[in-house]
Amino acid sequence: MKIEVLAGKIHRATVTDANLNYVGSISIDEKLIEAAGLCEWQKVEILNVNNGERFSTYVIKGSKGQICLNGAAARKVCTGDIVIIVAYTTMSEKKAKKHKPKVVMVNEKNEIVKAKI
């Protein structure tokens with residue numbers, strides 16, 4: 001049997017911008033994408049700590065420190081909100097028992113303060 005497990009996450013990132021007039025997605029600092037094991041165009045779930053919203057979008061590369069929700073997702077956040085960005089993967093139960101997700105903790109400037117890989 002296959003199950004869905006956490007692949008990687010960026011924990012408590014600060015939203016730097018919300019751009020309604022963009023096609024869609026979340027722009028994320030390229031270093032954070034890499035540290036969390038994410039890929040550009042990958043589907044991610046966004047958990048807004050400030051208002052409880054949970055929604056999905058996809059990743060695009062952003063500039064240093066950037067966490068920007070684009071398009072319709074911009075309506076779900078405000079600049080300064082704290083979000084958790086998560087990606088999941090599917091694997092066998094046997095592999096899942098040994099699996100270790102990539103977890104990236106950031107500060108208020110979206111700089112990596114701790115990474116568990």
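Author: Two strands pair if DSSP finds at least two bridges between them. Helices (H or I, at least four residues) and strands (E, at least two) are DSSP runs, numbered from the N terminus. The model is a predicted one, in which local features need pLDDT of at least 70 and side-chain atom pairs count only at pLDDT 80 or more, while totals for chains, interfaces and linings use all residues. Residues are numbered from 1 along each chain as its sequence is written, and side-chain values use heavy atoms, with hydrogens and water left out.

Reader: In which sense do strand 4 and strand 5 pair?

Author: Strand 4 covers residues 43–48, and strand 5 covers residues 54–62. Val-44 has Thr-57 of strand 5 as its bridge partner. Over five bridges, the sense of the pairing is antiparallel.

Reader: Which residue in the turn of the hairpin has a positive phi?

Author: The hairpin is formed by strand 4 and strand 5, with five residues between them. The turn residue with a positive phi, about 80°, is Gly-52.

Reader: Is Thr-57 buried or exposed?

Author: Thr-57 lies in strand 5. Contact means heavy atoms within 4.5 Å; leaving out residues up to four places away in sequence, Thr-57 touches Ser-25, Ile-26, Gln-42, Lys-43, Val-44 and Ile-46. By relative accessible area (1.4 Å probe, protein chains only), buried means under 20%, exposed over 50%, and partly exposed in between. Thr-57 has 12% relative accessibility and therefore counts as buried.

Reader: What is the largest C-alpha distance among the residues of the "binding site" annotation?

Author: In an unreviewed UniProt entry, the "binding site" annotation covers Thr-57, Gly-71, Ala-72 and Ala-73. They are spread over 17 residues of sequence but cluster in space, with a largest C-alpha distance of 9.8 Å. UniProt positions are given in the numbering used here, feature names are shortened, and annotations may be inferred rather than shown by experiment. The distance asked for is 9.8 Å.

Reader: What is the relative accessible area of Ser-25?

Author: The unreviewed UniProt entry annotates Ser-25 as "modified residue: Pyruvic acid (Ser)". Ser-25 is found in strand 3. Beyond four places in sequence, Ser-25 touches Thr-57, Tyr-58, Ile-60, Cys-68, Leu-69 and Asn-70. Ser-25 is buried because its relative accessible area is 1%.

Reader: How many Å apart in space are Ser-27 and Leu-69?

Author: Ser-27 also belongs to strand 3, and at 7% relative accessibility it counts as buried. Its contacts, neighbours within four places in sequence set aside, include Ile-60, Gly-62 and Cys-68. Ser-27 and Leu-69 are 42 residues apart in sequence, yet their C-alpha to C-alpha distance is 6.5 Å.

Reader: Which helix gives the most to the lining of the largest pocket?

Author: On a 1 Å grid over the protein atoms alone, a pocket is an open set of points where a 1.4 Å probe fits, with protein on both sides within 12 Å along at least five of seven lines; lining residues have an atom within 4 Å of a point. The lining residues are Asp-29, Glu-30, Lys-31, Leu-32, Lys-64, Gly-65, Lys-109, Asn-110, Glu-111 and Ile-112. With three residues, the element that gives the most is helix 1, residues 30–35.

Reader: How many charged residues does the lining of the largest pocket have?

Author: Ala, Val, Leu, Ile, Met, Phe, Trp, Tyr, Cys and Pro count as nonpolar, Asp, Glu, Lys and Arg as charged, and the others, Gly among them, as polar. The lining has two nonpolar and two polar residues, and the charged residues number six.

Reader: Is Trp-41 buried or exposed?

Author: Trp-41 sits in the loop between helix 1 and strand 4. Although not a glycine, Trp-41 has a positive phi of about 80°. Its relative accessible area is 59%, so Trp-41 is exposed.
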